[in-house]
Amino acid sequence: MSSVETPAAGDPAGATQNKRQPETNEGGGEEETRKGWKRLKTEKSKRGFGKKGKGKWVKDFGDDGKDKRDEPPHIGSFANPAMREKFGITLDKATPSGDGNETEPVPTSKKKVVLFLGFLGTRYGGFQANPDQRTLQAEIELALYKCGMISDTNFGTPHKYSWSNSARTDKGVHACAQVCSLKVELPVSDWEHKPESPTGDPLGGPMARLQALLPEDIRVLDMVRSTRNFCAKTQRDRVRYQYMVPSFLLHPDWRGLMEDHGIDTAEKRRNADNVRAPLTTTEAEALYAVLKDYRSTEENRGLLSAALQKCEGTRSFHNFTKGLKPGQAQAKRFIETFRAQDPVVVDGIEWIPTQVLGQSFLLHQIRKMICVAIDVARGAAPLSFMDRALDPTETVALHVAPAQGLFLEMSYFGGYNRRKNTQTNHDLPDIDWTRDGPARDRWLAFRNVVRDHICQEDKNQLNFVQFLFLHECVYGCREAYGLGGKKDEENVHKEEGAAQEKDEGTPEVETKE
C-alpha cells in the first residue's frame, strides 16, 4: 500500500519533494534582485550541508524558474546595464578593420591567443571584475567587445570565451607583465603572418586596434597565438614582483626627526582618527622635504638584503597573510630569490628596487615581508626577528607595507613552452618575453613608466611618509612585534583594517598573489 508524503513542518509547498524547485520568499527565497535579475540562495548538498558563497544570478521571469540558456552577464562587467549607467559607458562597436567603412560581413575565425599587458592600477579597483567598481578586467573586456574580438552573445560571460588571467592585482597595484588567455574572433586575414608588419608582430593589426580602444594607462605589449588548452592562470610556472622602497624609510631615528619638527607623537597616537592620513598635509610635506635628501648606507642596505634572503626557499608564511594558522599546508610557499638591487635616484629621491621571484604568493605576503625587512634595516627589529616570523610554530602579528610600491614585473611559462615544443604545436611561438625583440622593448619601456609613476605618485600623495608614521608612532610596531613591551595586537589588526580599507578590492596580488 503506497503512502502519500505530506510536507514537513517548516517546508512550505513541499519543497523537499521537488529538489529542483528554487526556494520562494516564504521559505527564505532569493537573496537579492536587481533590474530583471535575481540571485538565488545557495542550495543544500545531498548530505544536507549548506554550500558556501552566494547564489547564482539568473534572469527573473517572475515564475521562480531557472533559465540556464540565457545566462546573465557578470555583474562587474560593462555588459551589465547598471555598470554602464554608473560609469557612463557606451557600446559603440568598431569594424573589424578599424576604419569604419565595412559594409559586408568579413569572414572570421576564432582561436586562442595570449595577451601580454601592462597597466597603472591607480584609477582602478583591482584587476578582477567586481560589482560597482571600475576594474581592469572590465575595461579590457569592453575594448575586446568594441573591436569585435568578443561576440554579442559572449560579452559579459568570460567563461564563454575561455578567459583566464595569471594574476589578480589589488587596488593601486601596477603591472607590466599581466598575462591573459582567451579565444578571440578575428578576420581570417589577421591570422595570416604578414612579414611587412611595421612592428614585426604577427598579430600587429589586432594589437593596434585593441590598443586604440583602451585607456592610456592600459597597454597591450604583445598578442600571440597559443594552443587551445593554454590557461594563463594554471600554466604559469613562476612570477616576479618588484617593490620600490624609498630609502628614507630606512632612516634610523624617525621619532627624533618628527619631534625635531614639532610633531607630538604621543598626542597624535591618542587622536589618530584618520587612519589613512594621520599627519596633516603641512606636517607630511615638512617631513618629506627633509627626508628626500636621505641616502641609504651600505649597512642598512645589507640588513635589508639579509632580511629578504631569509624568506628564500620553502617556508611557512602563515604570519605573512591573513586567515591561516601555524601548521596549515596552504601557508607553504617557495621563493626562489628575494634581492635588493642597487639604489636609483628619481627626481631627487633615492629608491631601492627589490625583486622577488617565486612560484606563487599569498594575500599580503610580499607587502608584509617588505615591511618586516624595512624594520630590520632601520633598526626597529633585529635580524633574528625574521626567523621568528618564519617559524612554522610561531604566531606573530605583522604590519603591511603600502600597495603603491608594488608591481608585477614578469611572468614565466617555461613548462608550457617545453610541452608545446614536443608536440605538433611547435610552430606556435613560445610564451617568453625575456628574449630580445619588439615585445621585450615595449615591456622595458613600460616598466620605466611604472617606476616613474610610483615615484611621482608618492611625491603627490606622500603615502610612505604617512605609512611609517602610522607604523612607528600610532600603532607601535616595536610593541606589536613584542620587542618593546606587551604586544598591541589590537593596533596591528586596526592597521591591517586601514590598509584593507585603503586598497579594498580584489585579493592583494592574487589568491596565489
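Is Phe87 buried, partly exposed or exposed, and at what relative accessibility? Phe87 counts as partly exposed, because its relative accessibility is 22% (buried means under 20% relative accessible area, exposed over 50%, partly exposed in between, with a 1.4 Å probe and protein chains only).

These views show a predicted model, where local features need pLDDT of at least 70, side-chain atom pairs count only at pLDDT 80 or more, and totals for chains, interfaces and linings use all residues. Residues are numbered from 1 along each chain as its sequence is written, and side-chain values use heavy atoms, leaving out hydrogens and water.

View A. Strand E13 (residues 406-412) has seven of its seven residues buried; strands (E, at least two residues) and helices (H or I, at least four) are DSSP runs numbered from the N terminus. Strands pair if DSSP finds at least two bridges between them. E6 (residues 174-187) runs parallel to E13, with two bridges, and Ala175 partners Leu408. E8 (residues 238-246) runs antiparallel to E13, with six bridges.

**View B. Arg238 and Tyr412.** These two are bridge partners, and the charged end of Arg238 also sits over the ring of Tyr412, 4.6 Å from its centre (NZ of Lys or CZ of Arg within 6 Å of the ring centre and within 35 degrees of the ring normal).

**View C. Phe78 with Phe87.** This aromatic pair is edge-to-face, at 6.1 Å centre to centre and 85° between the planes (Phe, Tyr and Trp rings, the six-membered one for Trp, pair with centres within 6.5 Å; planes under 30 degrees apart are stacked, over 60 edge-to-face, the rest tilted). Phe78 counts as buried, at 0% relative accessibility.
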